[in-house]
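Visitor: I would like a close look at a single part of this model, taken slowly and with the terms spelled out.

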Amino acid sequence: MQSSTKSVPPGWSTRTSFHYPLSKWKKDLRLWLVTTDLEPHQIGPAIALRLDGIPRRVADELAAAESDISTHALASQLTHGRYEHDGVSWIPVPGWELLVKRLQEQFGELSMEKLITHLIELFSF
């Protein structure tokens, strides 16, 4: 799942998160982003296609958020991004960043990672 090429981003799934946590995937994704030859509008959908399980459903929900009336399911936030207000002005946020942000919110510290952290703290007491 995590192998990648110039045009294929690394993949990720919660099933592999014990050996390949989200934080590692995000680092690999950042490396891939600087080496890819994809067009900016292709990056979000390419990343979505490399997700599996619940993370893929998160991507699908983001893709469908604005495209219910569109014939292209990925012609949405995932492809084009959106504008967010930073308190001063509106700034463009690419679709792939929205996807990574949503994955971080939902899977940032998976329960196994939290459990290990809590166990270490407990036994260190």
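Visitor: How are H3 and H5 oriented to each other?

Guide: This is a predicted model, in which local features need pLDDT of at least 70 and side-chain atom pairs count only at pLDDT 80 or more, while totals for chains, interfaces and linings use all residues. Residues are numbered from 1 along each chain as its sequence is written, and side-chain values use heavy atoms, with hydrogens and water left out. Helices are DSSP runs of H or I with at least four residues, numbered from the N terminus. The axes of helix H3 (residues 54-64) and H5 cross at roughly 135° and come within 10 Å, where axes are lines fitted to C-alpha atoms over the stretch in contact and angles run from 0 to 180 degrees between N-to-C directions. H3 and H5 are therefore oblique to each other, a term for angles that are not under 35 degrees (roughly parallel), over 145 (roughly antiparallel) or 65 to 115 (roughly perpendicular). On the H3 side, Ile-54, Pro-55, Val-58, Ala-59 and Leu-62 make the contact, which means heavy atoms within 4.5 Å, and they meet Gly-95, Leu-98, Leu-99, Arg-102, Leu-103, Gln-106 and Phe-107 of H5. By class, this contact of H3 with H5 has nine nonpolar, two polar and one charged residues; Ala, Val, Leu, Ile, Met, Phe, Trp, Tyr, Cys and Pro count as nonpolar, Asp, Glu, Lys and Arg as charged, and the others, Gly among them, as polar. Helix H5 (residues 95-107) also packs with helix H1 (residues 22-35), at an angle of about 170° and with the axes 11 Å apart, which makes H1 roughly antiparallel to H5. Here Leu-22, Trp-25, Lys-26, Leu-29 and Leu-33 in H1 meet Trp-96, Val-100, Leu-103, Gln-104 and Phe-107 in H5.

How values were computed: Helix = DSSP H or I, 4+ residues; strand = E, 2+ residues; numbered from the N terminus.
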